[in-house]
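Hello,

Here is the structure I promised to pass on. Please have a look at it first, and then read my notes below.

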Amino acid sequence: MNKKRCLNCGHSVSDEYCAHCGQKSDTARITPVLFIKNDVLGSIWHVEARFLNTLKEILIRPGITATNYISGKRIRYYNFISLLLILFGFNVIAFHLFINTAKIDLQAENSKTIDFFSKYSKATLLFLIPVLACNAWIVFRKIKFNLAEHFVIATVSLIGILVFFLTDDLISIMGTYKPLSGISDGIDWVLETAFVFFPAFAYINAFRKNYSWAGLAWRLLVFYILVLSEILAVMLFIEKFL
């Protein structure tokens, strides 16, 4: 087998990629055609394809996606934290577009909770990750996942929730146009139901083979009671002390 030197690190290469630094072995001189084909179009397609494929996998089978990642099958997925931050950015933009389009005055709502969540939307949503992870770690102890692995499943759950939030904001913006308001209200209800129960779907998808349906049902009931109780406690604290 013919060997050649890697142009990046100088190590001997006999395969498609250098085993030492990971650079492709067929690196050629940059020409206008290769620059457009490989560097521009190739990079965009590689990022967008993984981004969209990861979103699709999370929405269709979130639990399996998370457990695949935990088990080491990671190259196929866009980085979950990067995906989460990108969706946060889109959500912030869409939320403010909706507020401006609908001409909603948040201060007129006279609620410390609404004001707090509108100011610190990123922090409050990120707060869901440890809440979901810690409660799932307690409720699903049989699985033997550590807390960090439960954080992965919680992150995937939050990504799904953010997709529904984003879609809901965009639909709500459309709903400010009177003829579409009736349709918008119906879709809003479906999306709001979806993001409430998406974590349940993620855990069912992840752990269906480990529990009976009855075992999953009572664990999810306890899980939601814990999560909702903690969120309610935080909201009451905000109203009373902030």
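K142 lies over the face of Y211, 5.1 Å from the ring centre, and the charged end of R141 sits over the ring of W137, 4.6 Å from its centre. For such a contact, NZ of Lys or CZ of Arg must be within 6 Å of the ring centre and within 35 degrees of the ring normal.

Before going on: this is a predicted model, where local features need pLDDT of at least 70 and side-chain atom pairs pLDDT 80 or more, while totals for chains, interfaces and linings use all residues. Residues are numbered from 1 along each chain as its sequence is written, and side-chain values use heavy atoms, leaving out hydrogens and water.

Y211 also belongs to an aromatic cluster with F140, F145, F197, Y203, F207, F223 and Y224. Rings of Phe, Tyr and Trp (its six-membered ring) pair if their centres lie within 6.5 Å; planes under 30 degrees apart are stacked, over 60 edge-to-face, and the rest tilted. The count comes to 14 aromatic pairs. F140 and Y203 are stacked, because their ring centres are 5.3 Å apart and their planes at 20°.

F164 and F198 make an edge-to-face pair, 5.7 Å centre to centre with 65° between the planes. F164 is buried at 17%, and F198 is buried at 3%.

Enjoy exploring!

Definitions and conventions. Buried < 20%, exposed > 50% of the residue type's maximum accessible area, 1.4 Å probe, protein only.
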